[in-house]
Structures are given as structure tokens and as C-alpha cells.
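Here's a quick briefing to read with the model open beside you.

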Amino acid sequence: MEWKREWKPLAAIVTVFVSCYYLPIGYDRFDNALSEALHLVKWYAREHVLLCLVPAFFIAGAIAVFVSQASILKYLGATANKVIAYGVASISGTVLAVCSCTILPLFAGIYKMGAGLGPATAFLYAGPAINILAIILTARILGPEIGFARAFGAIFFSIIIGLLMHFIFLREEREKAAVQAAMPEEEVTRPLWQNALYFFTMIGILVFANWGSPEEQTGLWHLIYNNKWLIASLFAIALSIILMSWYNLPKWQVIFAATPSVVLAFAVGNHPTIAFVAAVIGLSVLISRREDETGEWFRESWGFAKQILPLLLFGVLVAGILLGRPGNEGLVPSEWVSRAVGGNSLLANFAASFAGAFMYFATLTEVPILQGLIGNGMGKGPALALLLAGPALSLPNMLVIRTIMGTKKTIVFVALVIIMATISGYLYGMFY
Amino acid sequence: MDIKICGPGCTKCHEAERLVKEAVEEAKVKATIEKVTDFNAIAGYGVFSTPAVIIDGQVKCVGKVPSKKDILEWIR
């Protein structure tokens, strides 16, 4: 017996056996937590995947293909106007990096080859926080106010953090970049307004398909709610026309792809989701085999779906087991949560901020976890603090950043993020 | 021919590496293929965005996975 090699399978078997032997099933709290986790997954699948995530993946894919990185990187290069660089760096996270692994090379590039430490750290902080998928899901599940606060807080404070980093390390010499930055080639340019309208129709579909039912039974909001599918359909028709006119999709193919959806919209009008799914399938069939930009659009969107759905499923299960559905409990008693991060004290905000900075949140998983925490008594202020510090940083992430800008700068950066997140949370908690 | 593929190790970078290897085999060209994962080195080549493909010192593709057709064109 080669014990040197065989100890591993033995250890695995023993561990699994002991876990099964001592499985806490039968204890109320555990059974309840399991049930909560499964209920939560079902709720997500029913309420958010089809109408919210699927369009969001298409939008993210479109951004990856149709937004010209080169035109943005011009503002972040070595010769760029430094003042503008901060603004661009803080906002560009929405369009430059939907994948979290793209942030680090961009950060390294902007720091070493481009506009320098200030704009680079502004981008490093804002990028993950305002990734388009995260904003959409945050607004949808946690509410538009906190979604907006997250985006605004990330952008605003990233500029401040960038500036502070710049001034704190002003005296340090940075090696002049000897190599010219390699710009990605300019692709076929469609007039900006055409691209903008294209995005606008998709965002329109996303917003109106997900329009929530308001409290009052009268008024504009309610009127919109009653007609949301009609409005969403109008946007869908607009999108089809745009795809036919400006994106080179053959007219008869588009009409053919749209027909099942239109038929179902009238046949099963009280279940608009069915027509919606048919439309998504139609669009996918239409573009997935193509070799041009629309084909690339599909491949990018599909790439995001493959990457993110398993992570989100995992995040929802973890949130469900630990925290339960909103209003319920999981393994963690709510008193622990309210004691640690309830209310809006500076300490609560700091605790949330600190934990968030070191904890690793896979893309989008911060949303179900935060939903669970808020449902268990976390204050709105600390919630925002966690949203601002969590996705942007984690311990593994800090170690990589350290290899790019060194230990001292990394420590200062992390400290600044935690402080800014704490302050933002505190201010938000005061007004909401 | 010296081919460098820049990327920290995410799926897109692996995809780019795989396509480059297949293209090199198909074209029967002699080439050394190297994966660069260190961010400082990547930034040193002037690359801001991964995956990126550099052939004989020239940056051919930045920020997306190149198609095999494109790679074959570059190495022939």
C-alpha cells in the first residue's frame, strides 16, 4: 500500500463519513435552514432569472462587443488629461469590465503604462462595484435606492480614493513607461447614436418587464405597471427593427424568429413570461450561429451566463442556509446580525465594511447574501457599506494587488476603501 | 516564431491559449508558445486588457479571444 498517495482518498472518505454520521438533520434550526435555502433558490428562479438576469446577460454581452474599449482607454492613457482621467476611470467600470478578472490587468496597465496611480486606483475601486450586472440585480432585489446609492457611492468615492492615493504617494518616483501602450484595433464604427438606441431598447425591455407593482392603485406608476408588457413589447419591436436596419440581420429571419413570441403573446396573454421566453429563444436561434458581431454578442452573453449562473446559485444557497429568506432565519440567529450590524452606528458600518473588504464575494453573490442580512436585521447603512467594500476587495484580491503596487500602497488603499465605505454607509443610513 | 498569450488564468485566456495551440498545429509552424500570467509583465508589454496575443513582439490582439481564422492569418 502506497500510503504516501493513498492517505488522500482515505482522508476524503473519512471526512465525508464523519460529516454524514454527525449530520445535523433533525435539529429544527438545521432543517429549517435547509428548507429556507431551497425556498430561496426557487424564489430566485421564479422571480429573477428569466425576466431580469437573461436580459442583463444580453446587455452585458452587448457592452463587451459594441462598446469600444479603445475609445475609453484613450482617456486613461499616459498622455491623457489627468483630471478627466479620474472621472472616466470611475465610471468606465460599467463598460470596461464586466468580468472581474478583467479589472486587474486594466488596473496594472493604467497604473504602469497609463494615467498613473490615482486614476488606476479609482478604477480598481469603482470597477467591480459598478459592474452592470451587479447594479441591475442590486436594484431589482435590494431596491432601486440602494442600487443607485451603490453606483453613486462607488463612483464618487473612487475619485476621492484615487486623489488621496495620488497625493499620499506624490513624492514617490514611478518608472516612466518605456513601452507604448498597445491599443486594441478600432472596430467597425457604427454611429454612436445607433449603438445608444440599441442599448436603450434592451434597457427598456429590462426595466418595463420588471416594473414592480406600486402601493397605490392610481397614478402614473400604477398606469405604467398595468401596461408594462405592452411597453416592453414596443421596445422589443424597436429592437427587432434596429437589428434588421443597422446590425445586418436578414429581415425575414428576424420576423420568423419573432413570430412564435407574438403568437404566444396573444394566445397566452395572461402569462406574458411565456412570450418573453419565446422571444429570447428566437433571438438566440437567430444570432448564435452567426460569425459577425451579433454572433459575438451571443457568445459573450452566453459566456456570462455560464460563468455567473453557477456562482449565483451557490451564493443563493449559502445565503439561504445561513440567513434564510427575508423575514425568516437560517443557521445564524437574527440577534447576532442585528447586534453586529443593526441600526446605523459608526461601529456597525465599520464592521460591515471591514468584513466586506476581506470576505470574498463571487460576482453577484453579494446580492442574495445582503438580502439575507437585511432580512435578519442589518441596517441599511451597514448594508451599503458592505456593498461598497465587499465586491471591490477580498483577501486573495489584495494579495494580487500587492504584487502590482506594493504592500504599502495596498494597505493604504484598503484602509481608504474601508473608511469611505463606512462613511458612505453611515450617511446613507442617516437619510434612509 | 515566439507567441505569448497574456492572461491571469480565467476562461477567456485559456480559450485563447487553446486556439493558439490548435492553430499552430494546424499550420505546422514552428513556434514557442508561452503563457504570461504576471500582471506586471503583462502591463510591461503595454497590454491593458486580457486575453492578449503577442507574436514576435507585436501585439496582435488585445482584450478578446481571437478567432482561429485570425490566428492562422497571423502565423502564416
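A:Asn248 sits in the loop that links helix 11 (228–246) and helix 12 (251–267) of chain A. Helices here are DSSP runs of H or I with at least four residues, strands are E runs of at least two, and both are numbered from the N terminus. This is a predicted model, in which local features need pLDDT of at least 70 and side-chain atom pairs count only at pLDDT 80 or more, while totals for chains, interfaces and linings use all residues. Residues are numbered from 1 along each chain as its sequence is written, chains are lettered from A, and ligands are numbered from 1 in the order in which they are written.

- Most residues other than glycine have a negative phi, and most peptide bonds are trans.
- A:Asn248 has a positive phi, near 60 degrees, and is not a glycine.
- A:Asn248 counts as exposed because it has 11 C-beta neighbours inside 10 Å. The scale goes like this: 20 or more other C-beta atoms within 10 Å of a residue's own means buried, 12 or fewer means exposed, and anything in between is partly exposed, with C-beta atoms placed from the backbone.
- B:Lys28 is another residue other than glycine with a positive phi, in this case near 55 degrees. You'll find B:Lys28 in the loop between helix 1 and strand 2 of chain B.
- B:Lys28 has 6 C-beta neighbours inside 10 Å, so it counts as exposed.
- The peptide bond between B:Thr50 and B:Pro51 is cis, with omega about 0 degrees. B:Pro51 belongs to the loop between helix 2 (39–44) and strand 3 of chain B.

**Chain A overall**

- Chain A has 19 helices and zero strands.
- Its radius of gyration is 24 Å, close to the 22 Å from the globule rule for 432 residues, so chain A is as compact as a globular protein of that length. That radius is taken over C-alpha atoms, and the rule is 2.2 Å times the number of residues to the power 0.38.
- The C-alpha trace of chain A spans about 65 × 65 × 60 Å along its principal axes.
- Out of 432 residues in chain A, 45% count as buried.
- Among contacts in chain A with a separation of 6 or more, 79% are between residues 24 or more positions apart. Two residues are in contact if their C-beta atoms, placed from the backbone, lie within 7 Å.

**The nonpolar core**

- The largest nonpolar core holds 142 residues, and A:Phe107, A:Ile110, A:Ala389 and A:Val417 touch the most other members. A core here is a set of buried Ala, Val, Leu, Ile, Met, Phe, Trp, Tyr and Cys residues joined through C-beta atoms within 7 Å.
- Helix 2 (residues 28–66) of chain A supplies the largest share of this core, at 16 residues.
- Leaving out residues up to four places away in sequence, A:Val417 touches A:Tyr125, A:Ile161, A:Ala357, A:Ala389, A:Ala392 and A:Leu393.

**Where the chains meet**

- Chain A brings 21 residues to the contact and chain B brings 17 residues.
- On chain A, helix 3 (69–73), helix 5 (100–112) and helix 19 (395–431) are the elements giving two or more residues to the side that touches chain B. Helix 5 of chain A gives the most to that side, with nine residues.
- That side of chain A is made up of 14 nonpolar, six polar and one charged. Ala, Val, Leu, Ile, Met, Phe, Trp, Tyr, Cys and Pro count as nonpolar, Asp, Glu, Lys and Arg as charged, and the others, Gly among them, as polar.

**Chain B and its strands**

- Chain B has three helices and four strands, running β-α-β-α-β-β-α from the N terminus on.
- The radius of gyration of chain B is 11 Å, close to the 11 Å from the globule rule for 76 residues, so chain B is as compact as a globular protein of that length.
- Strand 1 (residues 2–6) of chain B has four of its five residues buried, so it is largely enclosed by the rest of the structure.
- Strand 1 of chain B pairs with strand 2 (residues 32–36) of chain B in the parallel sense over five bridges. Pairing means that DSSP finds at least two bridges between two strands.
- Strand 1 of chain B also runs antiparallel to strand 3 (residues 52–55) of chain B, joined by four bridges.
- B:Cys6 stands opposite B:Val36 in strand 2 of chain B, and its bridge partner in strand 3 of chain B is B:Ala52.
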